[in-house]
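Here is a quick tour for anyone meeting this structure for the first time. Have a look around, then read on.

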Amino acid sequence: MNGGAYGAGKAGVAFDPITFVQRPQVILRLLSWVFAIIVFGCISSQGYDKNDVCLYNENNGACSFGIGVGVIAFLACVAFLILDYMFDNISSIKTRKHVVLGDMGFSGFWSFLWFVNFCFLADQWRVTPTSEDGYGVNNVQAAIAFSFFSIFTWAGLCYFAFQRYRQGADSAFAPTYEADPAMMPGDAPYSSYPGGPDAGEGYQDPPFGSSEPT
């Protein structure tokens with residue numbers, strides 16, 4: 001994580017594509033994007049038979065749900081990748097907080113939806129009669145497998161978003177001052193002044209004593 005608010009550097013820093021791609025949340029985001037394409041692509045291409053009947057136990061709701069979760073996940077990955085790209089140049093701390101909270105909430109919810117989708121498709125495929133020609137078997141099984149993998153990639157995105165949120169919350173309560181590096185331990189923060197509690201230390205009497213009037 002970077003040292004700035006919510007895991008980002010100071011606004012205006014030059015963009016480094018290599019460092020950007022190496023970020024854990026960006027790697028997980030790209031994997032989630034690819035997995036989403038595989039899921040809705042497999043179901044759309046060979047998830048239906050020639051009569052447009054879903055191969056998951058002839059339950060069109062299963063195919064529709066799988067495609068819907070995959071397409072929305074695909075679009076969300078694109079949107080959050082753009083936000084990841086722009087994040088370091090967002091100067092407003094409040095805006096950064098909203099982005100991180102949105103990422104955390106959406107990623108956690110979509111991890112749950114991928115779990116539901118995996119269970120739904122796997123259960124429907126379990127009770128599906130075996131096809132004689134084997135049409136679409138590889139595709140529907142791939143959709144189930146990558147739905148399972150997506151549970152963990154989106155859960156990882158939720159975790160990294162939570163880490164960024166915690167870092168931002170901690171920095172909000174961090175002290176805004178820095179100690180003087182030249183000051184040694186035990187040194188007083190300021191010098192004593194005449195008339196103060198330490199006035200008798202470190203000061204000499206005036207060279208001419210005051211004379212009492214006769």
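## The disulfide

A disulfide is a pair of cysteine sulfur atoms within 2.5 Å. In general terms, a disulfide is a covalent bond between the sulfur atoms of two cysteines. This model holds one of them: C54 is joined to C63, with 1.9 Å from S to S. The link between C54 and C63 is right-handed, with 80 degrees about the S-S bond.

How buried are the cysteines? Buried means under 20% relative accessible area, exposed means over 50%, and partly exposed is in between (1.4 Å probe, protein chains only). Elsewhere, C77 is buried with a relative accessible area of 0%, while C119 comes out partly exposed at 33%.

## Where the numbers come from

Keep in mind that this is a predicted model: local features need pLDDT of at least 70, side-chain atom pairs count only at pLDDT 80 or more, and totals for chains, interfaces and linings use all residues. Residues are numbered from 1 along each chain as its sequence is written, and side-chain values use heavy atoms, with hydrogens and water left out.

## The chain as a whole

So what is the protein chain built from? It has five helices and zero strands, giving the pattern α-α-α-α-α when you read along the sequence. Helices (H or I, at least four residues) and strands (E, at least two) are DSSP runs, numbered from the N terminus.

Of the 214 residues in the protein chain, 32% are buried. Contact means heavy atoms within 4.5 Å. Among contacts in the protein chain with a separation of 6 or more, 78% are between residues 24 or more positions apart. The protein chain exposes about 13,500 Å², and carbon and sulfur atoms supply 62% of that; accessible areas come from the Shrake-Rupley method with a 1.4 Å probe, and for residues only the protein chains shown count as cover.

## Two stops in helix α5

Helix α5 covers residues 137–172, and S147 lies in it. S147 is buried, at 0% relative accessible area. Its side chain makes a polar contact with the side chain of N117, at 2.8 Å. A polar contact is a pair of N or O atoms within 3.5 Å; within protein, one must be able to donate a hydrogen and the other to accept it, and residues adjacent in sequence count only if both atoms are side-chain atoms. Leaving out residues up to four places away in sequence, S147 touches V39, W114, N117, F118 and L121.

A161 also has its place in helix α5, and is buried at 1%. Not counting residues up to four places away in sequence, A161 touches V100, D103 and M104. A161 and Q25 are 136 residues apart in sequence, yet 8.1 Å apart from C-alpha to C-alpha.

## Partly exposed spots

Now for two isoleucines. I37 sits in helix α2, residues 24–46, and is partly exposed at 33%. Setting aside neighbours within four places in sequence, I37 is in contact with C42 and F74.

I82 is in helix α3, residues 60–87, and is partly exposed at 46%.
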